[in-house]
Amino acid sequence: MTNTRPAAMFLADAPGLDFLNSVAKPTGKQVEWLANGEDLLSWLEQARLLPPETAAWMRANAAPAELDRVASQARELREWFREFVYRHKGGMLAKSALLELAPLNALLEKDETYRLIGIREDAPSGGETADEPVSGLARTTLRRWRSPATLLAPIADAMADLVCSADFTQVKKCESATCTLLFHDRTQGHARRWCSMAICGNRAKQAAYRARMKQQAA
């Protein structure tokens, strides 16, 4: 059977919101990108939240039923977080919001990250001088992927980053009545209205044009 599902969308300018957009109605019909375990692995790879070698290891070693179970947990987590975002988008997050985030903190506590020293990506190729000491080393944060359950860890990180770093006054829903995509408006002047000008923005322009033509013809 041909897969007619469109490619996953990463238009939110915030991975935590891209996660919420992993189920959406970009054209009026709902599309689910986390329907099963393979979907979850694929989406995490596309979101750059999961190294390709880890995804390959999971496919080779984890039971499909176990991956499907984690995908189901991811969907439940997504809808819980969606309610939180909708309650608070458009305003500043108050300290009281912390009480609502207990489930997310519980998930973050299970994470197994550690830091190692490695070669910095922009490390100089030559040697150091006494006048300009430059280190070619840097600390890198890594994660132990012990089981499929750890696939929720990078998602929790993305959600926590949104809560702690994003300006919630600029968390918005696409203005199209049929679109459910969310985004973080980082534009100058915060004038962004659409999930994408190529999708809903273009449709709105076409609709406005047709309305003008109809009015002129009347």
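**Close-up views of a predicted model**

**View 1. Surroundings of aspartate 39.** Beyond its neighbours within four places in sequence, aspartate 39 is in contact (heavy atoms within 4.5 Å) with Arg5, Glu32, Trp33 and Leu34. The model is predicted: local features need pLDDT of at least 70, side-chain atom pairs count only at pLDDT 80 or more, and totals for chains, interfaces and linings use all residues. Residues are numbered from 1 along each chain as its sequence is written, and side-chain values use heavy atoms, leaving out hydrogens and water. Aspartate 39 sits in helix α2. Its relative accessible area is 11%, so it is buried (under 20%; exposed is over 50%, partly exposed in between; 1.4 Å probe, protein chains only). A polar atom of its side chain lies 3.0 Å from the backbone nitrogen of alanine 35.

**View 2. Helices α2 and α3.** Glu38, Leu41, Ser42 and Glu45 of α2 meet Pro52, Ala55, Met58 and Arg59 of α3.

**View 3. Cysteines.** The whole structure holds zero disulfides (cysteine sulfur pairs within 2.5 Å). The sulfur of cysteine 174 has its closest cysteine sulfur in cysteine 200, 3.7 Å away, too far for a bond. Cysteine 174 is buried, at 1% relative accessibility. Cysteine 164 is exposed, at 67%.

Terms used
Helices (H or I, at least four residues) and strands (E, at least two) are DSSP runs, numbered from the N terminus. A polar contact is a pair of N or O atoms within 3.5 Å; within protein, one must be able to donate a hydrogen and the other to accept it, and residues adjacent in sequence count only if both atoms are side-chain atoms.
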